[in-house]
Amino acid sequence: MDLKLTAEDEAFRREVRDFVRSAVPADMARRTRRGGHTPKADLQAWNRILYDKGWVAPHWPREYGGTGWSALRIHIFEEECAAADAPFLSYFGLRLIGPLLYTFGSPRQKELHLGPILRGDVFWCQGFSEPGSGSDLASVRTTAARDGDDYVINGQKIWTTEAHYADKMFCLARTNPDVPPQKGGLSILMFDMNQPGVTVRPIVTIDEGHSVNEVFLDNVRVPAVDLLGEAGQGWTYAKFLLGNERVSNAQVPRSRRDLQLLRARAEAPDASGARLVDNPDIRQRLAQLEIDLAALEWSVLRVLASPEGERTQASASGLKITGSEIQQRISELAYDLLGPLGVPFYGEDDVAGDLPGFASPDVPGVAARQLFLRAASIYAGSNEIQRTIIAKQVFSL
Amino acid sequence: MDFSLTEEQALLRDSARRFVAEAAPVEQRLAAARQGDGFSRDHWSAFAELGWLGAALPEEAGGFGGGMLEAAIILEELGRGLVGAPLLSTAVVCAGLLARCEGYAERLATLELVVAGESLLALATEEPGSRYDLAHVETAARETAEGYRLSGRKIVVLDGASADAFMVSARLFGEARDRRGIGVFMVPFGTPGLTVRPYRTLDGRGAADLVLADVEIPSGAMVAGPDEGWDRLAEAADRAAMGAAADCLGAMEAAIEMTADYLKTRRQFGRPIGEFQTLAHRLADMFVAAENARSMLYRGLSFLDAPPAERARAVSASKVAITQAAAFVGQQAIQLHGGIGMSEEHPVGHFYKRLQVAGKSYGDLTFHMARYVDGDAAREQGA
Ligand SMILES: Cc1cc2nc3c(=O)[nH]c(=O)nc-3n(C[C@H](O)[C@H](O)[C@H](O)COP(=O)(O)OP(=O)(O)OC[C@H]3O[C@@H](n4cnc5c(N)ncnc54)[C@H](O)[C@@H]3O)c2cc1C
């Protein structure tokens, strides 16, 4: 064991920092700091900047466009991106379907899809959850029936993030109704969102923002060659994904940045010279969060440093639980610090000028963010489900 | 001690409960609240007819002889039904303050209008940076030949978007945080120099900021003078805090009932999710939290007529306990609903937002915790 960063790692951090700080446009950084749902244009633009630099998918294997960095360096890179208020790249291509494709996809599928994901030309959404199938994902009822060279898909998806601007969906569907879903009954199919039979209806969430949708699939025709990997392997692939998703859902770099900004806000004197951080209760809550985040960060590093095969689902689940709770707690403290300015509703367009409560420009977005983050303990496998996984895997309970 | 309701109180609760049950469904009301005032004028007329607007006032002041217990009974039901109406601001906080200001010549006339549902009042005490400190008053009141000239800014005036008049704290003399020197003034909407900037709150009600630029008011508009202003405001804010707490109790209990129903009907893995013990226990914890909160509601109410230092300490204890319980209950209500709990179309998230706004009305967690601690320190020094 060697628990220190090497001089080379430090040099690497400086190199990344120099690039990222100058590469993020100021208005984009401001929008990221505000913390709403990132506009597609920002996702695309930042994706392109990183692509041109060769850094868009550090976690991918080199042969598919990765950087070959160690897990630690990837973490340093992500931390620097967050510290510079770079947008968080769209998840579904780079984090979910991309790794699925290079691990299980056919040569044709890799050829067709990986490049556009890296370039940010094609955005994806994940069509897994359904009204009747959330935690019990294997029970999905959307069907994909073979018809000649095609599959014909029928069903309804819900909570589909970014479906309103995604170009493609990867969709979990029942391809064989005669065998149990976990034993060959499910497959993943990839198709264009812009085609007859696909209807997207927005769902407004409690923060009054729009990032999730309902998607209705009505006789959507998909060529059989667009079934990911092998038919009947849907459940295996889904589990592979959820494991991936949970590690990155620890969201350490982002939480670190949020906490930094929060501390800065608490330390800034107001017009009469008073500082929130002088309140002992607030000082302690900040300290507690910093300590808990440090623990989470080192847990992430430990998991990332272990060989891929030895990573257990349980450790990934642990990171997801802690990571989501820390995100929620940081956002709650930020909201608490607003005092009475937590009462007004601030719309998406409230960025400057005479804001309600004569608030400073960093106030809008804070209330909305803590509301939206209630979802962090629900999505990507609810925290109750993660605890069940740990109890089963580690203790056979 | 007697925790049972009197016959009149039970009738009041039943009529409030019936009113809320018979009002439009929550979803419809929430959508309506987005437009206009954030509440229904029809409701307001009904409140007047039902006698609710005078329920917390002594008979001498034109009310029906009740007090904060009666107000709490009504407010709890309004919270339960997510009814957005300025009852707390107008009929409890402002009317209660007016009732105690016997030197104010318009006292009875104003209260009569309030009780009849013909006048909406809002309390304007918060200023940029004041963080609930009622003594932090930079808004200035200067004496003129005819009365007073007010200048300053007030923010987050609850229910200020629809108020017919504002009760504004302003400083006649002293420094920004002195308790002495603060007067309370009645400023009607439309007075030259007064700009009202309305907006809606996180939970869909109406609030406003005020800009007072050389607002001229007659000398009779002073509701409370500089020697008693702060005391009257402090009493009013403590009653308001307990009123907001009652609203929270109703909202909490409704969120718990809604969650319990959901656990019985939502099925995953072939059974109602309420059969998963972790969820059943969570619901039990929510119940326990709400029970403790109710105890603190009654305890806080019982101290409202105590000497000021004791009253402040007890109200702060209640507000801390209830705000913490509300956070837990509101968050878990969403959590146990899963994805649907995140949808703006589902009522459960609205309960959470209502609880959050109530938690930030008339002192937030940080304010009340600090006030409790300061009260303790003062007692130790005094002893
Ligand atoms: C903002 C947001 C974005 C999302 N994005 C996507 C997306 O892009 N693509 C996608 O496919 N899905 C997405 N989801 C859906 C998400 O994965 C589901 O909401 C989640 O799996 C929970 O399912 P559910 O909503 O049906 O809740 P349910 O499964 O009905 O759960 C309700 C409650 O019961 C609990 N529960 C359920 N089963 C058990 C059990 N066995 N033991 C203990 N407790 C249990 C849950 O933890 C929860 O508290 C998103 C959700 C949200 C809120």
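This is a predicted model: local features need pLDDT of at least 70, side-chain atom pairs count only at pLDDT 80 or more; totals for chains, interfaces and linings use all residues.
Residues are numbered from 1 along each chain as its sequence is written, chains are lettered from A and ligands numbered from 1 in the order in which they are written, and side-chain values use heavy atoms, leaving out hydrogens and water.

**Exercise 1.** Work out what span helix H1 of chain A should have.

*Solution.* Helices are DSSP runs of H or I with at least four residues, numbered from the N terminus. The expected span is 1.5 Å times one less than the number of residues. H1(A) covers residues 7-23, so its 17 residues should span 24 Å. Now check the model: the end C-alpha atoms are 24 Å apart, which agrees.

**Exercise 2.** Find which residues of H1(A) are buried, and what covers them.

*Solution.* Buried means under 20% relative accessible area, exposed over 50%, and partly exposed in between (1.4 Å probe, protein chains only). The buried ones are A:Asp9, A:Phe12, A:Arg13, A:Val16, A:Val20 and A:Ala23. They share one side of H1(A), because they cover an arc of only 110° around the axis (taken from the directions from the helix axis to the C-beta atoms). An α-helix has 3.6 residues a turn, so residues three or four places apart point the same way. On the face turned away from the buried side you'll find the exposed A:Ala7, A:Arg14, A:Asp18 and A:Ser22. The cover over the buried residues includes helix H3 (40-53) and helix H4 (71-83) of chain A, with contact meaning heavy atoms within 4.5 Å.

**Exercise 3.** Classify the ring pair A:Trp69 and A:Phe77.

*Solution.* Rings of Phe, Tyr and Trp (its six-membered ring) pair if their centres lie within 6.5 Å; planes under 30 degrees apart are stacked, over 60 edge-to-face, and the rest tilted. Over all chains, the count is 22 aromatic pairs. For A:Trp69 and A:Phe77, the centres are 5.2 Å apart and the planes at 55°, so the pair is tilted. Both A:Trp69 and A:Phe77 are buried. By contrast, B:Phe269 and B:Phe276 make an edge-to-face pair, with 6.0 Å between centres and 90° between planes.

Note on methods
Helices (H or I, at least four residues) and strands (E, at least two) are DSSP runs, numbered from the N terminus.
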